[in-house]
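Let's walk through a structure together, one piece at a time. Have the sequence beside you and take your time.

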Amino acid sequence: MSRTDNIAFVRSDMLPEMPPPTAETGAIKWLRENLFSSAFNTILTLLSLYVIFQLLQGFLPWLLGGYWTTSSLRECRDILDGASGGCFSVLTERWNQLLFGFKYPPDQYWRMALVFVLMLGAVAPVLYQKLPRKMLYFTGLFPFLGFWLIWGGTILTPIVILAGFIAGYVAFRRLEHNSFAMAALGGIISAWIVIWLGGFISGSMSGFIALESVPSRDLGGFMLNLILGVVCVSLSLPIGIALALGRQSDLLIIKWICVVFIEFIRGVPLITLLFVANVVLGYFLPPGTNFDLILRVIIMITMFSSAYIAEVIRGGLAALPSGQFEAANSLGLDYAQSMQLIILPQALKISIPGIVNVAVGLFKDTTLVSVISMFDLVGMIRGPILASTEWNGVYWELWSFAVLLFFVVCFSISKYSQWLEQQLRTDHR
Amino acid sequence: MATLSDVPSESFRLSMLINDKRYRSYTFQFIALLLLVVAFSYLGYNLAKNLQAAGLNISYSFLGDPAGYDINQRLIDYNSQSSHWRASLVGVLNTLLVAFLGCITATIIGVFVGVLRLSNNWIVSKLMSVYVEIFRNVPVLIWILMIMAVFTAVLPKPKDYRGADATASMVADSFAFTGRGFYLPKPIFNDGSGIVVAVFLLSIAGIFFYRRYAKKALFERGQLLPTFLPSVAIFFIPSILFFFIMGQPISLDYPALKGFNFQGGIYMRASLISLWFALSIYTAAFIAENVRAGILSVSAGQTEAAASLGLRPNRIMNLVVLPQALRVIIPPLISHFLNLTKNSSLAIAVGYMDLTGTLGGITLNQTGRAIETILLLMAFYLTISLSISAIMNVYNNSIKLRER
């Protein structure tokens, strides 16, 4: 007889598990931990809720009660009659001006739109390594196609320049086994010869498959920002790499040329460089040459961003352990080979976040061209639109639109760079 | 056994300039130098020809001529008969003013936002990241123009303050916030105020010395002196005492509505305020990220180790976390200050007369001396950035980890 027989009750099986107290599960637990964990936190939460409420209270009626189809601010205000609401009709009415500027021929807008779509296609294989590599051929063709579509004229001009580049590339590959410097020199010379000869052909047949020619002072709107941003970033990458390598090199004179250039450019605000493009650069060109303003601006912005990119890449080079340089040397690679095969692939990988930061900053800085009276998005808003009699006084709607456009572009670029960093992280953590 | 490592001495051949690594570098440098000289002489030749064709020369004598334009925002005496040099000086001071104000407010907002972004309160940290992302990803020029436009449109005009049924009223009878700018009371220094100011400065120095003494006492004798309350006392008591002993020599000049506008007091123009505000909140978004990164860079083990030594939370912050975090925070912080100073050149977009507005704007347009003015403009900004980076290098060396 076991002892348990005397005891009135002994549980012979386990109780089912009780659910945790309601205060310790699900949403309530989350609220308690994240919003009301202490008196101070509760005050902060309530304050933030109040701020959000105030913002939404002002913003939502304005957004939802807005009008999109009136033809002037006065008409919109009359319809609103004191009620809260935005006059978004300025956006619908001036949509094309905001995007393409006010001088671009309206029947040619399709060209700009096409360039934009093609640009997405051209950039895609660069951004996503998983896309078929054959698409890179299109990326290579895009600058010439884009040039032709934006500025118009005969298709022979970009074809001749393309032929020059191809000739240069072929010459480079032929001579590469000799020495890098020799090949580079040969490539440049043959490209130059082909372009020079081809210039006669395209000059004499200016009507061959020609689009309506658009002078570059007629470009404008958000497209101008995009063009400046894309062109200057892509041009400044190779220049920046060259400057960074120059700054790291043992050759004293080359090193000091690079240092002075980089420090000078980084020390002055972009706006002074734009002034240079606007009023000073002309003095340094041969008398009688009439350089396009947009080309001068592209030159200055490219110089500006290449100095910043050079500093970023220098950081990447400095972060590489010196063993990498020594290993490349001990394999018998010469300078050009060791840079191409060993050093730059690693250094560029390290510098990607910095390069993207510079690119975003540069894209934002393209709005500065409005100060030297070019009509980019900001220039359009400040100039033709706010000065017009119909829309004098619609600040919130126009500026919010500009904020939205820039935010969407820049935020997605920075998100992309974060994603890319994750993709490229090959160390085991 | 003879050593084989002796390199047979070769006589110099011309082909070694390209093929021998030792001489090739000289060839490259020589070519680079040659190209540089050719490029510069080509540009210089063009410049000389262009200037000759336009009948101009390079001369800075225009700086002595009367400027002939008015500057509405100025810190030193200036009228339209003053020289262009004086106008540039006004511009320099205006640039430094907005940069100085902007750096202070940007740091305050940035530290505040950066710390709140790390808060474990979900809603607050999300709110702060929204702020940071929105302001970082939109050009500062748009913020400046937007704030200027909204500022002028939303705030009351001076005429709203007039009459019996005024729609706006002054705050505490001394501050007026109008769409044209802010009007603040202005301190007037009468006889004897110099002593009060001197006492105030001395008491600030006193606080510094007291804190150093307290630190020394702690490190040498292990004696823990209170610092906060004595500092507050040293800050206030002597100055207030002397203020009354000298018979209240400092008084305030209040702005008052006279006619259609306010008179008296300090007048801060709308352009200055919107520029200041826009630069501050834009730069603050970057500083906030910086501060956050700095605090996150101090590993949790440091805090725990300090706590296990028995330090109280505020001492952990002051003695362990902050000194390590500041090492990460300060270098990029200074480069953000530099960016703010450079961005202040956008003042030209809202009509604030900084150096870009006076020297690079009106003086350039009036005299047509583009090269000279822009060179001066660049030299000014270059001096500022190079001197700040020099200071930063010294600082970086002084806080570098000293490994034993």
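A strand here is a DSSP run of E with at least two residues, a helix is a run of H or I with at least four, and both are numbered from the N terminus. Two strands count as paired if DSSP finds at least two bridges between them. To see one bridge for yourself, find B:Gly181, whose partner in strand 7 of chain B is B:Arg269.

Something packs on this sheet as well: helix 8 (residues 270–297) of chain B, which touches strand 2 and strand 7 of chain B. The direction of helix 8 makes about 60° with that of strand 7 of chain B. Such angles run from 0 to 180 degrees between N-to-C directions, with axes fitted as lines to C-alpha atoms, for helices over the stretch in contact. Contact means that the C-beta atoms of two residues, placed from the backbone, lie within 7 Å.

Before going further, a word on how to read the picture. This is a predicted model, in which local features need pLDDT of at least 70 and side-chain atom pairs count only at pLDDT 80 or more, while totals for chains, interfaces and linings use all residues. Residues are numbered from 1 along each chain as its sequence is written, and chains are lettered from A and ligands numbered from 1 in the order in which they are written. The pLDDT is the predictor's confidence in each residue, from 0 to 100; chain B has a mean of 83, and 94% of its residues reach 70 or more.

Back to the strands. Strand 1 of chain B pairs with strand 2 of chain B over three bridges, again in the antiparallel sense, and the two form a hairpin with two residues between them. Here B:Ala176 has B:Tyr183 as its bridge partner in strand 2 of chain B.

How do the three strands of chain B line up? They form an open antiparallel sheet in the order 1-2-7. Strand 1 (176–178) and strand 7 (266–269) of chain B each have a single partner strand, so one side of each is left without a neighbour in the sheet.

Finally, look at where the chains meet: 45 residues of chain A are in contact with 47 residues of chain B.
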